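Student: I would like to go through some of the labels used for a protein model. Please set each value against its definition.

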Amino acid sequence: MYSPMTEYLKMVSTRLDTTGIPVKFKLPDAKVKEPFYVIGPHTGNDSPSAKFGPAIVDTSLQIDLYYPIDSRTALEEAVFKTKIALNKRIDHQVLIDNSIGREVYHVVFRINDYIY
């Protein structure tokens with residue numbers, strides 16, 4: 001048996017796999033070429049839980065998509081596929097980033113969800 005957060009992360013990873021873009025849980029070495037996702041940090045608040053009974057966690061999870069800089073339209077298609085795969089309300093921000101040693105699109109997704 002796994003914790004509800006572990007199960008949630010596994011579910012998110014499985015859904016992202018359907019896009020065909022590799023999924024990582026930490027930023028890979030600079031030799032790894034994009035595109036790839038990094039399932040990153042999350043925050044949690046368990047105050048919605050009753051004192052006794054199942055835990056309810058209000059969580060916010062960050063997912064980063066690193067994508068080649070050569071096509072903005074291809075990036076927008078990847079963003080669309082991500083939203084369909086996750087089937088959740090998602091906030092996202094598109095950035096141009098060179099923190100991985102080369103210039104890439106960096107899309108920061110934020111999912112807010114309740115985990116039971």
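Tutor: Axes are lines fitted to C-alpha atoms, for helices over the stretch in contact, and angles run from 0 to 180 degrees between N-to-C directions. This is a predicted model, in which local features need pLDDT of at least 70 and side-chain atom pairs pLDDT 80 or more, while totals for chains, interfaces and linings use all residues. Residues are numbered from 1 along each chain, and side-chain values use heavy atoms, without hydrogens and water.

Student: Why are helix 1 and helix 2 called oblique to each other?

Tutor: Helix 1 (residues 4-17) and helix 2 (residues 72-86) pack at an angle of about 135 degrees, with axes 8 Å apart. Angles under 35 degrees count as roughly parallel, over 145 as roughly antiparallel, 65 to 115 as roughly perpendicular and the rest as oblique. The pair is therefore oblique.

Student: What makes R72 and E76 a salt bridge?

Tutor: The term requires a side-chain nitrogen of Lys or Arg within 4 Å of a carboxyl oxygen of Asp or Glu. For R72 and E76 the closest N and O atoms are 2.8 Å apart.

Student: How do you know whether D113 is buried or exposed?

Tutor: D113 has a relative accessible area of 17%, so D113 is buried. The side chain of D113 meets that of K88 in a salt bridge, 2.9 Å from N to O.

Technical notes. Helix = DSSP H or I, 4+ residues; strand = E, 2+ residues; numbered from the N terminus. Buried < 20%, exposed > 50% of the residue type's maximum accessible area, 1.4 Å probe, protein only.
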